[in-house]
Amino acid sequence: MTDEELLESYRAMVPFLAELVGPHCEVLLHDVMHPEASVVAVANGAQHSGRHVGSPLTDYAQSMMRDRMWEGRDYLANYTGSSKGKNYVCSTYFLKNGTRLVGMLCVNRDMTALVQAEKSLAVLRAQCNLLLPDQSVQEVLDEPVSSLLGSMIDKAIRETCASP
């Protein structure tokens with residue numbers, strides 16, 4: 001399979017993954033042989049990073065190539081990114097033809113809604129006096145073993161068919 005055929009076989013994954021994960025997610029397919037215009041397919045780019053077909057590799061993607069991070073691994077998942085004041089959780093799948101890197105399939109998830117929800121929950125916890133408890137003291141809320149001991153012995157005797 002040629003490098004171009006390999007990249008083409010992943011093209012349909014871009015809109016599929018974007019629709020699967022939702023509009024908070026940007027998906028890009030890069031041809032690393034052309035780093036100055038590497039993006040060959042993109043979904044949801046306009047509302048996230050602003051990247052489009054023909055956009056270049058990011059500095060971090062170039063460092064992944066330079067540091068050969070793709071050797072010995074198929075992907076790099078859940079690292080942080082940012083664009084236009086938003087924070088992202090990013091993952092990159094390395095597309096290899098034999099032992100050569102030819103492309104990257106990148107998924108960047110906007111964490112804005114989750115960060116806002118976490119802030120709202122923190123306010124609610126504070127308002128309801130449900131702040132994180134003191135972890136140095138822990139009470140066991142199960143019934144004490146002494147109150148269960150008699151029924152445990154009776155059950156064990158019944159299960160072994162032994163006479164009391």
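Visitor: How many residues in the lining of the largest pocket are nonpolar, polar and charged?
Guide: Classes first: Ala, Val, Leu, Ile, Met, Phe, Trp, Tyr, Cys and Pro count as nonpolar, Asp, Glu, Lys and Arg as charged, and the others, Gly among them, as polar. Here the lining has seven nonpolar, nine polar and two charged residues. This is a predicted model: local features need pLDDT of at least 70, side-chain atom pairs need 80 or more, and totals for chains, interfaces and linings use all residues. Residues are numbered from 1 along each chain as its sequence is written, and side-chain values use heavy atoms, without hydrogens and water.

Visitor: Which element gives the largest share of the lining of the largest pocket?
Guide: Elements are DSSP runs, numbered from the N terminus: helices are H or I of at least four residues, strands E of at least two. Strand 3 gives the largest share, five residues.

Visitor: Now the sheet. What is the order of its five strands?
Guide: Two strands pair if DSSP finds at least two bridges between them. This open sheet runs 2-1-5-4-3, with antiparallel pairing. Strand 2 and strand 3 are the edges, each pairing on one side only.

Visitor: How many bridges join strand 1 and strand 2?
Guide: Four, in the antiparallel sense. Leu28 has Val42 in strand 2 as its bridge partner.

Visitor: Is Ser55 buried or exposed?
Guide: Buried means under 20% relative accessible area, exposed over 50%, partly exposed in between (1.4 Å probe, protein chains only). Ser55 has 6%, so Ser55 is buried. Ser55 sits in the loop between strand 2 and helix 3.
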